[in-house]
Amino acid sequence: MIFEGNITNDSFKPIGFRESHLFFNSVPLTEDTLRIGAWGIDVSKDWCVRNRILKPDEGSHFYLAGMAKIEFHQVSKVSVSTVLYHSLEQNNDFVRTADGSKVSLAKEWAIPRKTAHSPYVYRLTGILDWPHGYCELDIHAEGPVRISFDPGQLVNVSHFFEAPQNYAYPFV
């Protein structure tokens with residue numbers, strides 16, 4: 001069974017992306033709907049209870065050991081900055097210049113001729129799939145934000161930290 005829910009505006013806050021692997025197609029925006037994938041989101045137990053996602057184990061947070069699909073509507077602007085990693089396997093090994101500075105990339109897109117009246121800024125931080133690195137992704141949107149995922153892939157976050165290799169995104 002797939003859960004589908006609304007995470008617009010403040011309903012977005014109980015979803016954490018710090019440990020997640022983000023799949024974002026960074027092409028110029030040509031329409032006002034943006035879809036991304038996120039493996040490894042963190043969700044609070046309270047959020048799960050409010051949305052009638054039942055989990056039998058104790059704990060205050062759950063890790064999604066699978067892919068969530070997130071859809072943002074009425075997007076007016078997207079910006080991303082990424083600090084590049086050397087390899088897929090070691091997410092703490094940054095690419096550095098000769099003087100030791102970390103190599104980073106940044107890009108911003110806006111929909112031409114679209115004026116946003118009062119967009120909500122959704123900030124996601126996590127590991128960007130490509131180019132591979134730690135990223136901050138800001139999405140300016142005025143419309144609804146929808147999420148879908150398989151609740152059967154939620155595990156207590158303590159289980160994730162005990163054996164992350166069992167739950168983290170498989171690079172191979």
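Modeller: A residue is called buried under 20% relative accessible area, exposed over 50%, and partly exposed in between, using a 1.4 Å probe and protein chains only. This is a predicted model, in which local features need pLDDT of at least 70 and side-chain atom pairs count only at pLDDT 80 or more, while totals for chains, interfaces and linings use all residues. Residues are numbered from 1 along each chain as its sequence is written, and side-chain values use heavy atoms, with hydrogens and water left out.

Confidence comes next. The pLDDT is the predictor's confidence in each residue, from 0 to 100. Its average over the chain is 89, and 90% of the residues score at least 70. Helices (H or I, at least four residues) and strands (E, at least two) are DSSP runs, numbered from the N terminus.

Now the interior. A nonpolar core is a set of buried Ala, Val, Leu, Ile, Met, Phe, Trp, Tyr and Cys residues joined through side-chain atoms within 4.5 Å. The largest such core holds 35 residues, and Phe72 and Leu124 have the most contacts inside it. Strand β11 (residues 133–141) supplies the largest share of this core, four residues. Contact means heavy atoms within 4.5 Å. Leaving aside residues up to four places away in sequence, Phe72 touches Phe12, Asp32, Thr33, Leu34, Ile36, Tyr122, Leu124, Ile139, Pro144 and Val145. There is also a second, separate core of six residues, among them Trp39, Tyr63, Val157 and Phe160.

Cys135 counts as buried because its relative accessible area is 0%, and Cys48 is buried at 1% relative accessibility. A disulfide is a pair of cysteine sulfur atoms within 2.5 Å. By this rule the count of disulfides is zero.

Around this there is sheet structure. Strands of a sheet pair through backbone hydrogen bonds, either parallel or antiparallel. Two strands are taken as paired if DSSP finds at least two bridges between them. Strand β2 is joined by two bridges to β5 (residues 42–44), and the two run antiparallel. Gly16 is placed opposite Asp42 in β5.

Some loop residues deserve a look as well. Trp130 sits in the loop between β10 (120–128) and β11, and is exposed because its relative accessible area is 66%. From Trp130 to Thr82 is 48 residues in sequence but 9.4 Å in space, C-alpha to C-alpha. The peptide bond from Trp130 to Pro131 is cis, with omega near -5 degrees; Pro131 belongs to the loop between β10 and β11.

Positive phi values occur at Asn9, near 55 degrees, and at Gln74, about 55 degrees, neither being a glycine. Asn9 lies in the loop between β1 (3–6) and β2 and is partly exposed, at 34% relative accessibility. Gln74 lies in the loop between β7 (67–72) and β8 (75–84), and its 35% relative accessibility makes it partly exposed.
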